[in-house]
Amino acid sequence: MCELFAASLKQPLLLRQYLEEFYTHSINHPHGWGIACLSKESVCIEKEPIRAIDSQYLKQRLKTPFNSSIVFGHIRYATIGTMEYENTHPYTLKDYRNKTWTLMHNGTIFKYSKLDRYINMQEGSTDRERILLYLVDRMNASYLENNDLFHQLDHIFVDMSDGNKLNVIFSDGVYVYVHTNYPSSLYYLQKAEGTIFATVPLSHENWQSVPMNRLLVYKQGMLVYEGFQHHHTFYDNQQDFNQIYQTYSSL
């Protein structure tokens with residue numbers, strides 16, 4: 001199981017203490033690390049397919065302040081896909097309107113046939129990359145305004161979460177979209193400067209569980225949209241994992 005970090009800020013916040021703690025967890029998540037700084041105009045992603053605590057580059061990078069209002073971090077524990085750059089999060093992709101979408105995922109897609117067509121299109125071999133390809137395709141088919149876009153994405157996540165472990169954080173550089181349907185696997189910390197998310201609390205501050213089974217949308221650290229409350233809570237099932245390993249080992 002991977003770990004996620006994200007910050008949606010309305011003003012600068014010193015993130016180093018949180019990120020340093022976050023990346024120490026890579027001792028148990030050794031299959032790659034990534035970090036992304038997002039804005040409406042650009043996305044800067046840095047990542048390596050090595051254990052974060054072994055990266056000399058990352059140690060130096062964390063000494064430099066993060067000036068972006070949106071920051072993502074990821075450490076990978078591989079369930080599907082080999083340990084290589086193409087399988088390291090976050091992923092990014094532009095839509096037809098030249099808007100850049102960035103996504104990271106903690107979970108596993110066991111059954112969702114709408115992603116199958118992307119197996120031969122993706123650069124790596126993870127289900128996370130297929131999620132992003134599918135989302136961008138869906139958005140390319142629509143020229144909706146933001147409120148309608150929220151509704152459309154909400155519908156997708158209600159549908160995709162059925163039978164799947166779907167902890168996802170993604171962004172277009174303005175809004176941060178958050179979804180979890182796995183108990184005790186995503187927390188948030190509300191501060192004056194904005195909101196921080198992490199798979200496990202990163203300090204002794206007042207971290208709260210992210211509300212489950214609905215799409216949440218943040219802008220500059222404030223919640224601006226709550227999606228439909230579905231009931232697709234995911235619970236671990238070894239039979240599901242055995243089946244997906246058999247499927248991908250035959251590809």
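A disulfide is a pair of cysteine sulfur atoms within 2.5 Å, and by this rule the count here comes to zero disulfides. The structure is a predicted model, in which local features need pLDDT of at least 70 and side-chain atom pairs count only at pLDDT 80 or more, while totals for chains, interfaces and linings use all residues. Residues are numbered from 1 along each chain as its sequence is written, and side-chain values use heavy atoms, with hydrogens and water left out.

**Confidence**
- The mean pLDDT of the chain, where pLDDT is the predictor's confidence in each residue from 0 to 100, is 88, and 87% of the residues reach 70 or more.
- Over residues 244-251 pLDDT stays under 50, and for this stretch the model has eight contacts (heavy atoms within 4.5 Å) beyond four places in sequence.

- Cys37 is in no disulfide, and the nearest cysteine sulfur, that of Cys44, is 6.0 Å away.
- Cys37 is buried because its relative accessible area is 14%, given that buried means under 20%, exposed over 50% and partly exposed in between, with a 1.4 Å probe and protein chains only.

**Nonpolar cores**
- A nonpolar core is a set of buried Ala, Val, Leu, Ile, Met, Phe, Trp, Tyr and Cys residues joined through side-chain atoms within 4.5 Å; of the 28 residues in the largest one, Leu135, Leu153, Phe170 and Tyr177 touch the most other members.
- Helices (H or I, at least four residues) and strands (E, at least two) are DSSP runs numbered from the N terminus, and β6 (100-108), α3 (127-140), α4 (146-160), β7 (165-171) and β8 (175-179) each supply at least two residues of this core.
- The largest share of this core, seven residues, comes from α3.
- A second, separate core of 24 residues includes Leu15, Phe22, Leu58 and Leu62.

**Aromatic pairs**
- Rings of Phe, Tyr and Trp (its six-membered ring) pair if their centres lie within 6.5 Å, and planes under 30 degrees apart count as stacked, over 60 as edge-to-face and the rest as tilted; by this rule there are 17 aromatic pairs.
- The rings of Phe110 and Phe234 have their centres 5.4 Å apart and their planes at 5°, so this pair is stacked.
- Because Phe110 lies in the loop between β6 and α3, and Phe234 in the loop between β13 (222-226) and α5 (238-249), the pair ties together parts that are 124 residues apart in sequence.
- Phe234 counts as buried at 4% relative accessibility, and its ring centre is 6.1 Å from that of Tyr182 with the planes at 50°, so that pair is tilted.
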